[in-house]
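Q: Please take me through this fold, one feature at a time. I would like the general idea where there is one, and then the case at hand.

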Amino acid sequence: MNATARKENPSMLWEIEEYWTKRAKSYSEEVRFEMEHENERRWMEVLRRYLKGIPGKRVLDIGTGPGFFAIGLTKRGYQVTAVDYTWKMLEEAKKNAGALADKIGFWQMDAQNLDFEDASFDAIVTRNLTWNLERPGDAYRE
């Protein structure tokens, strides 16, 4: 974001986007390691235990980053929409998803101001997001 745009939008979002754009590749490498090891299976066991009681399989992954939850849930038959504020992170998520990328809806969006109709999803998941939010209360209300 250029200096003029930053003045017009004094929120911290530009800083967050700048940070994660620079960090996308290295963070994606960390997450890929997790997906290839025991951590992925453990997370999916926990999520599936909670999602078992939810009617339907439409899941929104907010702050998907490199796609850890989106990919794991898609592998297990869920219909996942993944959102992230940083386009570079979404590119990493698509790359990490490989052949599953066409089954996941990827959207660049602000978690604090989502652009979906009410009741569009049966469940919402998020991982490592809250500390990145300028207004976490707004995100939770969304």
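Q: Strand 1, helix 4 and strand 2 make a β-α-β unit of which hand?

A: In this predicted model, strand 1, helix 4 and strand 2 form a right-handed β-α-β unit. The two strands, residues 58-62 and 79-84, pair in the parallel sense over 5 bridges. One of the bridge pairs is Ile62 with Val83 in strand 2.

Q: How does strand 2 connect to strand 3, and how many bridges join them?

A: Strand 2 and strand 3 run parallel and are joined by 4 bridges. Between these two strands the chain passes through helix 5, and this β-α-β crossover is right-handed. On the strand 3 side, Gln108 is the bridge partner of Asp84, and Trp107 stands opposite Val83.

Q: In what order do the 4 strands lie in the sheet?

A: The order is 3-2-1-4, in an open sheet with parallel pairing. Strand 3 (105-108) and strand 4 are the edge strands, each pairing on one side only. Direction ignored, neighbouring strands are turned by 20 degrees against each other on average.

Q: Which strands does helix 5 touch?

A: Helix 5 packs on the sheet and touches strand 2 and strand 3. The direction of helix 5 makes about 165 degrees with that of strand 3.

Q: How do I read the pattern of burial along a helix, and which residues of helix 5 are buried?

A: An α-helix has 3.6 residues a turn, so residues three or four places apart point the same way. In helix 5 (residues 87-97), the buried residues are Met89, Leu90, Glu92, Ala93, Asn96 and Ala97. They cover an arc of only 160 degrees around the axis, which puts them on the same side of helix 5.

Q: Arg127 lies in a loop; is Arg127 buried or exposed?

A: The cut-off for a buried residue is under 20% relative accessible area. Arg127 has 13% relative accessibility and therefore counts as buried. The loop that holds Arg127 runs between strand 4 (123-126) and helix 6 (136-141). Leaving aside neighbours within four places in sequence, Arg127 is in contact with Val31, Glu34, Asn39, Trp43, Ile62, Gly63, Phe68 and Phe69. Among these contacts, Ile62 is also the residue whose bridge partner in strand 2 is Val83.

Q: How do the elements run along the whole chain?

A: From the N terminus on, the elements run α-α-α-β-α-β-α-β-β-α. The secondary structure comes to 6 helices and 4 strands.

Q: What do the totals say about contacts, burial and surface?

A: Among contacts between residues at least 6 apart in sequence, 66% join residues at least 24 apart. Of the 142 residues in the protein, 43% are buried. The accessible surface comes to about 8,500 Å², and 51% of this surface belongs to carbon and sulfur atoms.

Key: Residues numbered from 1 in each chain as written. Predicted model: local features only at pLDDT ≥ 70, side-chain atom pairs only at ≥ 80, totals over all residues. Heavy atoms only, no water. Buried < 20%, exposed > 50% of the residue type's maximum accessible area, 1.4 Å probe, protein only. Arc of directions from axis to C-beta. Contact = heavy atoms within 4.5 Å. Areas by Shrake-Rupley, 256 points an atom, 1.4 Å probe, with all protein chains shown as cover. Pairing = 2+ DSSP bridges. Axes fitted to C-alpha atoms, helices over the stretch in contact; angles between N-to-C directions. Right-handed = clockwise from strand over helix to strand, strands pointing away.
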